[in-house]
Amino acid sequence: MRRMIPSTQALACFEAAARHESYTRAAQELALTQSAVSRQIIALEEQLGVQLFKRSRHGMVLTAAGHQYSQQVAQWLQGIERGTLDIMAHQGAGGAISIAAVPTFATRWLLPRLPQFLQQHPGVVVHIDVQTRPFAFAERQVDAAIYAGTAEQARQWPGTQAAWLMDELIVPVCSPRLLEGATQRGRGRAYLTVSPQVLAQLPLLQQSTRPDGWRKWFDAAGVQAPHALDGPRYELFSMLAVAAAAGMGVALIPPMLIEDELARGELVVACEQPLTGSRAYYWMTPLATEPLPAQPALQAFASWLKGRAA
């Protein structure tokens with residue numbers, strides 16, 4: 001039975017024409033004539049039985065079906081191009097994998113450790129894509145994802161299976177300058193941590209995706225904090241780290257995401273009371289409807305990642 005797969009030439013012509021909304025500009029990009037592009041798109045429409053473009057006073061305009069199809073085609077062609085470049089670059093050896101990860105974890109924890117993996121597996125290329133929310137693997141050209149969330153959220157990600165990597169431990173951190181005004185430091189001594197009661201009087205920095213973070217921390221410490229919900233809100237841990245280092249307030253951040261700031265003394269632990277939240281990091285892979293061929297590069301990366309997380 002003949003598979004319903006259009007020619008790559010027709011798809012390339014359609015994608016370029018859809019992106020420019022112009023047959024002329026698509027022809028210039030692809031080094032073809034305008035009539036050649038037009039013929040390829042007409043043939044594609046006949047194969048699909050769907051009109052992809054309609055003519056207007058301003059030229060060719062995508063139909064609703066054409067707009068939807070153009071987004072899918074762009075992803076398909078991008079995946080084909082990336083796979084082709086990967087196999088050309090490595091002559092079929094090693095392999096390339098694509099991993100999605102939450103942004104701060106990717107930049108602060110994963111990337112600094114990635115050279116260790118590449119030293120052990122020099123023929124493997126690791127592409128990192130930033131994703132903060134669940135997505136459809138088939139639409140993202142991603143092999144696996146590192147997801148931060150609760151166990152329930154990980155289980156509810158459709159079409160995936162989750163493997164726990166590590167729990168998220170959070171501590172209050174701030175700049176030494178801010179802590180200097182809250183505690184006395186002896187001559188030649190490091191900054192002293194403060195009690196939760198003292199911390200409740202300092203300006204607090206909030207994370208917009210976890211608006212109740214400080215309330216949970218003070219509840220765990222058994223301290224009344226009327227201003228636990230006050231303070232500016234930032235979406236990412238990396239933004240909180242910059243704001244805290246600038247002396248704007250105290251932030252709740254996992255130490256593993258601010259290793260450099262702690263080492264340089266830009267941030268210090270304000271209170272030694274940690275909070276083990278309900279969130280953790282999970283290794284997410286798509287559920288296969290049928291057995292897939294082994295991916296040695298992906299298996300090697302997963303094994304290395306779980307070892308580092310442990």
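Okay, let's start with a cysteine: Cys 13 is buried, at a relative accessible area of 0%. Buried here means under 20% relative accessible area, with exposed being over 50% and partly exposed in between, using a 1.4 Å probe and protein chains only. Before I go on, this is a predicted model, where local features need pLDDT of at least 70, side-chain atom pairs count only at pLDDT 80 or more, and totals for chains, interfaces and linings use all residues. Residues are numbered from 1 along each chain as its sequence is written, and side-chain values use heavy atoms, leaving out hydrogens and water.

Take Cys 174: its nearest cysteine sulfur belongs to Cys 271 and is 10 Å away. Cys 174 is buried too, at 0%.

Now, the rings. There are 17 aromatic pairs. Rings of Phe, Tyr and Trp (its six-membered ring) pair if their centres lie within 6.5 Å; planes under 30 degrees apart are stacked, over 60 edge-to-face, and the rest tilted.

Look at Tyr 23 and Phe 53: their centres are 5.5 Å apart and their planes sit at 90 degrees, so this pair is edge-to-face. Tyr 23 has a relative accessible area of 10%, so it's buried, and Phe 53 is buried at 3%.

Then there's Trp 283 with Phe 301, a tilted pair, 5.9 Å centre to centre with 40 degrees between the planes. Both of these residues are buried.

Last one: Phe 14, Tyr 23, Phe 53, Tyr 69 and Trp 76 make up one aromatic cluster.

How values were computed. Disulfide = S-S within 2.5 Å.
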